[in-house]
Amino acid sequence: MNLLSRKAMCNSHGQDSSYFLGWQEYEKNPYHHLHNPSGIIQMGLAENQLSFDLIEEWLAKNPDSSGFRKSDKLIFRDLALFQDYHGLPSFKKAMVDFMAEIRGNKVEFLPDKLVLTAGSTPANETLMFCLAEPGEAFLLPTPYYPGFDRDLKWRTGVEIVPIHCNSSNGFQITKSALNNAYKTAIKSNLRVKGILVTNPSNPLGTTLTKYELNLLIDFISKKHLHLISDEIYSGTVFDSPEFISVMDILNNKKLKKTKVSNRVHIVYSLSKDLGLPGFRVGAIYSNDETIVAAATKMSSFGLVSSQTQYLLACMLSDKKFTKKYISENQIRLRKRQEQLVSGLRASGISCLKGNAGLFSWVDMTHLLKSKTFEDEMDLWKKIVYQVGLNISPGSSCHCVEPGWFRVCFANMSEETLDLAMRRVHELVQVEYKRETHLSLL
Amino acid sequence: MGILLELHDTDDQEVQSPSVELSKIAVSSAHGEDSPYFSGWKAYDENPYHEIHNPSGVIQMGLAENQVSFDLVEEYLEKHSEKALFGKKTNSGFRDNALFQDYHGLLSFRKAMASFMEQIRGGRAKFEPTRIVLTAGATAANELLTFILANPGDALLIPTPYYPGFDRDLRWRTGVNIVPIHCESSNNFAITPEALEAAYETARGLNLRVAGVLITNPSNPLGATIQRKVLNEILNFVVEKNIHLISDEIYSGSVFSSSEFVSMAEILEDRKYKNNEKERVHIVYSLSKDLGLPGFRVGTIYSYNDKVVTTARRMSSFTLISSQTQHLLACMLSDEKFVEKYIRINRERLKRRYEMIVNGLREAGIECLKGNAGLFCWMNLGPFLEDPTMESELEIWKLIVNEVKLNISPGSSCHCSEPGWFRVCFANMSENTLEVALKRIRDFVDKMEWKRGGRKPISGNGAGDCKPN
């Protein structure tokens, strides 16, 4: 048989990683409170299922938005024909307003600098195509979202060089970590084109501090690099410290409209904040006209359905709705995170102090036999197969310290979360008993 | 656009030499938007025709859109809005749908697509839902297949004339080359084994590894289906060379008479799905043309090769279809009554439009290639060129855009090797507008005749003296 391309034959799609294997195990034996109460509980999926009722309530009150109607006039044809890669103007306006509202209206975004894409997955890939040649590199702080290995590298040929962060300072980015990563890249003969950070962080569930943001801006300024700030969780910040947008920092440093601000690009999406991953709504925001122009043309390969653009334009232009949604959603997320954190605490397990996201970064290092990734894998398998929880091992996120796990809390009911906590408690009892027994010998 | 130089710290040994800030891809012109195809569009954007508000504006005849059958879809929506659209009901299934981002796609939608594709082919080929990969439009499907089947630097052989967008879709980010398979009017632009072989040799001569052949059937811009005999020859060719075959069938539902379209799927069926034949065939489909829904971004790849299906599915993460849209179309396309009625009436209307334009052009002394499909006709202005050159073609094209005020697509933008051919769309406007366009063409031809041969301008007939070469 004839060949497929190198891209088709390689493993860069990343689907052999444990991140996806745990998913597969879950699919074989999924928990259901009635039909399969002993099944695996999915805690590896960063979905926001807490605030659908608010959206459904809005939809019921505004049927025109999903019925292709505007002021009761059928606009089906115009929408069906609308394939302009510049996007529906009303939708782009609504998006930038929503993004500004999430940032407390401290920054302003212009619709002309926004490029719509079918989710943040193609947004990140498109930026790689625009900013780097095959073989060039981007620096990413670890731990990072496992999907980046595929999204940023697979078809683009771009390399990722990790900026290693560790628990000694809550996994924050340091100057020396940045410098080391840069040096490592140079030593490997890789030209570094930029840094990509996720803020709030996946999997840490924390927002970047002012210090870290300033560090990053100074670094890219000095080394002539780009900075991509993936802010898809920006609407999920439920606790202090407040979310600081990279655009805010640029303003503070009086770098607005400079070459540096042209090298800072934001990625956004409605998949996490609004809980609509199926609708495929993502965006790139950039001050650089050339990038906006190139990314806009590239978005032809992944446009947002006009049907969906229209629905969301209606919804997000309703400022009463967005205000209520943003605050109520945050309240519910905080409560749910607290339930997870206190549940784990009762089992002697602590979490990194998080203020955002749909997950907690959990410290199970003390449950490892030895601080190795082999033991982390053993513990993970125990948790998936014996305890029945699909959580994400830190190694799949390229964490340098074994024993950390990402545990999602916003994609299940309170009762299911409760059950998950009870299962963890049982595991720890068993482990603890054995440990105690051994230490008595 | 070149390298942006910036001063850097001379005492910092580690700073790299001044870097190109953006990638080559970002600054290249392989996106193709500097071609005439797009500048005609600009002329239209600046002065668009409107029956009432701007009756002397530019009429858009360069956009292959199907606007003739919207009423049928709107009628369906009126009757079935509860089911197909989320809204009034609670527990409408909204949340499950909003969460659904599985790259396999909604099973109900895949089944509906498979069934729709079968009905278009009159049941002469079967499609399995498990082999359908969903993408946000055929644009994405074609690029995706190129990433999977070819390495950067490889070549795809494509018969000319071809859809100008391919230059971007297949080459831009993939780094793959296109080598044309030259087709000529002497045999109605049919693809011949000699032309296939010649293209292959050309590629090899350029040291390019040939990854496959891509055909569009029915053809854009020819507006004609590919004959069964030719399809068999093409399949033989790709088998002999051990390369892939992509069959872009996005206009398959726009064939005026169902029996005249032969899908690559049927050829495989006839040849009993031999392993070493089917494994190299991949079909692209979309709802943008047949259903007139380009805004909804619905494309598919249908492959008989398991590895291609798996890989394409994973890659489709970069270009998934909105679950909201999948749901609507799953409802609509699994409604057999609607589908049967739509396919039949849509065909009839397109045929009528085609006849209207071809006859109207003939009255003006202009002949078209004999077509049987699509949303456009392939018009021959060869006899009206000053010289049989591309320059003359562009001259006459500028006249038509700027003075006659019709945006049509010059054959050179489609890489046609013979000057003087133009693609003219007819399904994206009302019948009245089409009449206006035809009148403008008649007047234009009369004027040209008069300038050239000193004949007085006549209105209406005069076709008898104008024959194509």
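Reply: Let's start at B:Val213. Setting aside neighbours up to four places away in sequence, B:Val213 is in contact with B:Leu157, B:Ile181, B:Ile234, B:Phe237, B:Val238, B:Ile243, B:His244, B:Leu245 and B:Ile246. Please keep in mind that this is a predicted model.

B:Val213 belongs to the largest nonpolar core, which has 162 residues. Together with A:Phe91, A:Leu139, A:Ile195, A:Leu270, A:Leu276 and B:Leu157, B:Val213 is among the residues that touch the most other members of this core. Helix H5 of chain A, residues 89–102, gives the core its largest share, eight residues. Another core, of 145 residues, lies apart from it, and its members include A:Ile232, B:Ala427, B:Leu434 and B:Met448. As a general point, nonpolar side chains tend to be buried together in soluble globular proteins.

Now for the chain around B:Val213. Chain B has 16 helices and 13 strands, and 60% of its 469 residues count as buried. If you take the contacts in chain B between residues at least 6 apart in sequence, 74% of them join residues at least 24 apart.

The interface comes next. Here 85 residues of chain B meet 82 residues of chain A. The area buried between the two chains is about 7700 Å², with carbon and sulfur atoms giving 57% of it. There are also 22 residue pairs in polar contact across this interface, counting pairs with both residues at pLDDT 80 or more. Several helices of chain B supply at least two residues each to the side that touches chain A, among them H1 (24–27), H3 (70–84) and H12 (306–315). Helix H6 of chain B gives the most to that side, with seven residues. By class, the side of chain B that touches chain A has 38 nonpolar, 24 polar and 23 charged residues.

Three salt bridges cross the interface of chain B and chain A. One salt bridge between the chains pairs A:Arg77 with B:Glu74, with the closest N and O atoms 3.0 Å apart.

Over all chains, the structure holds 38 salt bridges. In chain A, A:Glu242 pairs with A:Lys106, again with a closest N to O distance of 3.0 Å. This pair links distant parts of the chain, 136 residues apart: A:Glu242 is in the loop between strand S8 and helix H10, and A:Lys106 is in the loop between H5 and strand S4. A:Glu242 is exposed, at 56% relative accessible area, whereas A:Lys106 is partly exposed at 45%. Chain A also has a network of salt bridges that links A:Asp53, A:Glu328 and A:Arg332.

Back in chain B, a salt bridge joins B:Arg344 and B:Glu340, with 3.0 Å between the closest N and O atoms. These residues are separated by about one helical turn, because they are four residues apart in helix H14. B:Arg344 is partly exposed at 39%, and B:Glu340 is partly exposed at 40%. In another salt bridge, B:Lys274 and B:Glu277 meet at 3.7 Å, N to O. Here B:Lys274 is partly exposed at 42%, but B:Glu277 is buried at 5%.

The side chain of B:Asn54 makes a polar contact with that of B:Asn47 at 2.8 Å. Leaving out residues up to four places away in sequence, B:Asn54 touches B:Asn47, B:Pro48 and B:Tyr49.

Note on methods: Residues are numbered from 1 along each chain as its sequence is written. Chains are lettered from A and ligands numbered from 1 in the order in which they are written. This is a predicted model: local features need pLDDT of at least 70, side-chain atom pairs count only at pLDDT 80 or more; totals for chains, interfaces and linings use all residues. Side-chain values use heavy atoms; hydrogens and water are left out. Contact means heavy atoms within 4.5 Å. Buried area is the accessible area (1.4 Å probe) that two parts lose on being put together, summed over both. A salt bridge is a side-chain nitrogen of Lys or Arg within 4 Å of a carboxyl oxygen of Asp or Glu. A polar contact is a pair of N or O atoms within 3.5 Å; within protein, one must be able to donate a hydrogen and the other to accept it, and residues adjacent in sequence count only if both atoms are side-chain atoms. Ala, Val, Leu, Ile, Met, Phe, Trp, Tyr, Cys and Pro count as nonpolar, Asp, Glu, Lys and Arg as charged, and the others, Gly among them, as polar. A nonpolar core is a set of buried Ala, Val, Leu, Ile, Met, Phe, Trp, Tyr and Cys residues joined through side-chain atoms within 4.5 Å. Buried means under 20% relative accessible area, exposed over 50%, partly exposed in between (1.4 Å probe, protein chains only).
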